[in-house]
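Me: I would like to go through this model with you by question and answer, with the cut-offs stated as we go.

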Amino acid sequence: MKVTEKDVTYVAELANLELTPEERTGMVRDLNSILGYMDRLNEIDTSKIEPMAQVLDRYGVDESKQGSERFAYASREDVPEGLRKSLTQKEALDNAPDSDGTFFLVPKVIER
Amino acid sequence: MHSTSLTIDAARFAVQERKTTALALLEAHYERIQKEDGQIGAFLTLCKDRALEQADRIDRMAAEGKPLPPLGGVPVGIKDVMVTRGVRTTAGSKILDRYIPPYDCTAVARMEAAGAVVLGKMNCDEFAMGSSNENSAFHPVRNPRDLNRVPGGSSGGSAAAVAADMAVVTLGSDTGGSIRQPASFCGVVGLMPTYGRVSRYGLIAFASSLDHIGPLTKTVKDAAIVLRTIAGRDPMDSTSADVPVPDYVGELDKPVRGLKLGVAREYFGEGLDDEVRHAVESAIDKFKSLGCEIVPVSLPHTPYAIPTYYLIATAEASSNLARYDGVRYSYRAPGVKTLSEMYRRSRDEGFGAEVKRRIMLGTYALSAGYYDAYYLKAQKVRTLLTRDFDEAFCKVDAIVTPTSPTAAFRLGEKSNDPLAMYLADIYTVTADLAGIPGISIPCGQTKEKLPIGLQVLGKHFDESTILRVAHAYEQAA
């Protein structure tokens, strides 16, 4: 068993999930089963292999540049209301579970 | 004329020539949905007002004798992971069950600009996570060919609707096989284009480096027509490629004689059902008789595709799904007292079991101490899987494989074993990881009359060749 109940509690916290006691037990079982299968990746020597984050690394990039400049082909002018009109305040708030018409409302953040 | 068993061209010609109207077509489809969908469950939401408005626009064009656009009057369905302005979009999740998007997905907007009439939104696995459509928060979809079987997933509703003549065409999304596998299970055509070929703007994100939009159709030609409509650069998606869109339909009838088709033994190993193997081998013989050269190729890292895929996809998903916080547009648990309690309880109650499992797996793979061992390792193996295809495509024009190791399985058969469910994607995930296009077309059926799918994989941005190969098989079969 690699993943313990304690790991599950910690990861759930990172993921903003709580999980019931039954869910936690199931999660320990499932993560161990799945990660056990994933371990077969260790059969491959990847010490000299570059990681691949996305396919388009292979298209249009300027190999001589670093960082975001490699992807200059995909850049555009940053102009307000450039490609699409911003949502109106009403549209932005329409799907909110709770709002006062101006702001999203949430439970209080700081206890006192 | 049977108005619910039409292809795109047949429907458009009939409306153009005033043999029927877009309105009559849409009404015939809604009647069919009314009659059939109670037992299948392919639709989550119907958008009749929007459909009527569009049908009226098309009928006025036809009445004025104007030439109709390529999808003029064609009734279509949209997988519920693509946002539609003013029409509820759920991603198959309770956490979005009341979400009314304020904008349209680019692919949907392009379909409508080309004259398509959107009937409604298609059921799917929650956030497109699943291979059987049993993970929908609303209800499962049943396979129209056998109601005790799953339609595949995650675009199960999209595939079932086309198979049951409830839509001429649907759009689905494919992150690990979610267009091709359900197409195979339901006996329809499913095309996953090259990564970046179709804009993802307005596609609710599951795994951003793997998500693709594509069509499910009755014929290969229809898939070509839809791809031509939705493909091409979109300034709203910086990963949409600025690569010219060819005339896919015009290239369909080019001869396939002399094309080199690769066959990789890694796709015919343990776990492949005998009936599926025989059907695919007969298809390969058919290609020989059409003058194609069959060339053995090796894709040696294939056994590592599933672990690689499920690490990368879940890592990206854990990040993408962090946005569902109960503040701006998603479900909020009632009676919560503090902000952190609101986040946790809203997500606990809003997400289903498989989505939580994947968020946990992805968060674990990205967490301190495990990032190198899991996520980074998987990204490196992704490079190797992609190189396998690069090398194979130096020798061949396309690769033919089974789409899925088995025909459609029974509801409940794999739902308690997540790993067994993941292995249902064994022949499809590699194309998503490499970003290459793939199409599934029907190639016969099992003794129990369940459809079998043949997959054709191609080079980046070479959808023309796989469509041509698939079309040649479809015409010859």
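Me: Is helix 10 of chain B largely enclosed by the rest of the structure or largely exposed, and how many of its residues are buried?

Reply: This is a predicted model, in which local features need pLDDT of at least 70 and side-chain atom pairs count only at pLDDT 80 or more, while totals for chains, interfaces and linings use all residues. Residues are numbered from 1 along each chain as its sequence is written, and chains are lettered from A and ligands numbered from 1 in the order in which they are written. A residue is buried if 20 or more other C-beta atoms, placed from the backbone, lie within 10 Å of its own. Helix 10 of chain B is largely enclosed by the rest of the structure, because its buried residues number 14 of the 16.

Me: What distance separates the end C-alpha atoms of helix 10 of chain B?

Reply: The expected span is 1.5 Å times one less than the number of residues, a helix being a DSSP run of H or I with at least four residues. For residues 305-320 this should give 22 Å, and the end C-alpha atoms agree, being apart by 22 Å.

Me: Which helix gives the most to the side of chain A that touches chain B?

Reply: Counting C-beta atoms within 7 Å as a contact, 46 residues of chain A meet 55 residues of chain B. Helix 1 (5-14), helix 2 (21-38) and helix 3 (89-94) of chain A each give two or more residues to that side. With seven residues, the one that gives the most is helix 2 of chain A.

Terms used. A residue is buried if 20 or more other C-beta atoms lie within 10 Å of its own, exposed if 12 or fewer, and partly exposed in between; C-beta atoms are placed from the backbone. Two residues are in contact if their C-beta atoms, placed from the backbone, lie within 7 Å.
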